[in-house]
Amino acid sequence: MASDSESAELGRFLRARRTGTSPQHVGLTPGPGIRRTPGLRREELATLAGISIDYYVRLERGKETRPSPAVLDALARALRMDDQEHHHLRELAARAARYTPEPPPAPSRSVGPHLKLLLDSLRPYPAYVISRSMDLLAWNPGGLALYAGIADWPATQRNLARYFFLHPAARDLFTDWEQQITGCVSRLRAVAGTAPDAPDLTRLVGELLLKSPEFAGLWERYEVTRRKPATKTFHHPQIGTVTLTSQVLHIEATPGQRIGVYTAEPGTPEHDALHLLDMTAPQRAAAPS
């Protein structure tokens, strides 16, 4: 049998997607009168997916933990899910169908010397190693200095999600702060959906739910996405406004750990700015031993 938290997570995701989908979006014409439910009603979604209302209610309440692939596909089509949301729905269902007596341990926070050497070799490009819950585990000088003010926090508190929502410098640093925090929460939601009891995630989410109304509102929406390469523009207090290319690379044999790196074309003002950031960043801010 499934753990209660994992079957409930499947129901929470379906409920969030249902209440966030308007009748017009799926080709329905709302009837007269006031709709008490935001988005689709349960019976509307069940009809669109070709399943019984009782079965759908059991799914949403976490009482049904073994929906068939055909049912999942029908729900994804009815809710007009994109490929990432559809994949997440299948992952949640797979976990709900398995017996998991206890949550798996959090991935190791240890960063090997070969990765620290790699970070140093990437200079002047800002680079860091990040955990699945967005903890900064290691960095080169520019990798820490790019997030203005995060070096003021103790090393154990340096987390990008915490920075986005709780550090006073974050709103001024990003030109598109709202978009950054939306993507941040979506990525945490995707990870937490398949590891709902993981202690590293539950501690972080619990803290942000208490301290940030913006985080709480986005968390309730239950949007999921996978990170895509992108450019980011920073209004940095030391090097001015720069637009950099962002890449995240998965690391073999280190579950959940990734390398984040920002680059700029040589000969551009942005590249010169990264040289300046690297030269002036405190060397003590390099990756911890």
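Author: A residue is called buried if its relative accessible area is under 20%, exposed if over 50%, and partly exposed in between (1.4 Å probe, protein chains only). This is a predicted model, in which local features need pLDDT of at least 70, side-chain atom pairs count only at pLDDT 80 or more, and totals for chains, interfaces and linings use all residues. Residues are numbered from 1 along each chain as its sequence is written, and side-chain values use heavy atoms, with hydrogens and water left out.

Reader: Which residues of helix H12 are called buried?

Author: Helices are DSSP runs (H or I, at least four residues) and strands likewise (E, at least two), numbered from the N terminus. In helix H12 (residues 213-221), Phe215, Leu218 and Trp219 are buried.

Reader: What covers the buried residues of H12?

Author: The cover includes helix H8 (160-166), helix H10 (177-194) and helix H11 (199-211), where contact means heavy atoms within 4.5 Å.

Reader: Why are strand S2 and strand S3 called edge strands?

Author: Two strands pair if DSSP finds at least two bridges between them. Five strands form an open antiparallel sheet in the order S2-S1-S5-S4-S3. S2 (136-139) and S3 (230-236) each pair on one side only, and are the edge strands. S3 and strand S4 (residues 240-250) pair over seven bridges.
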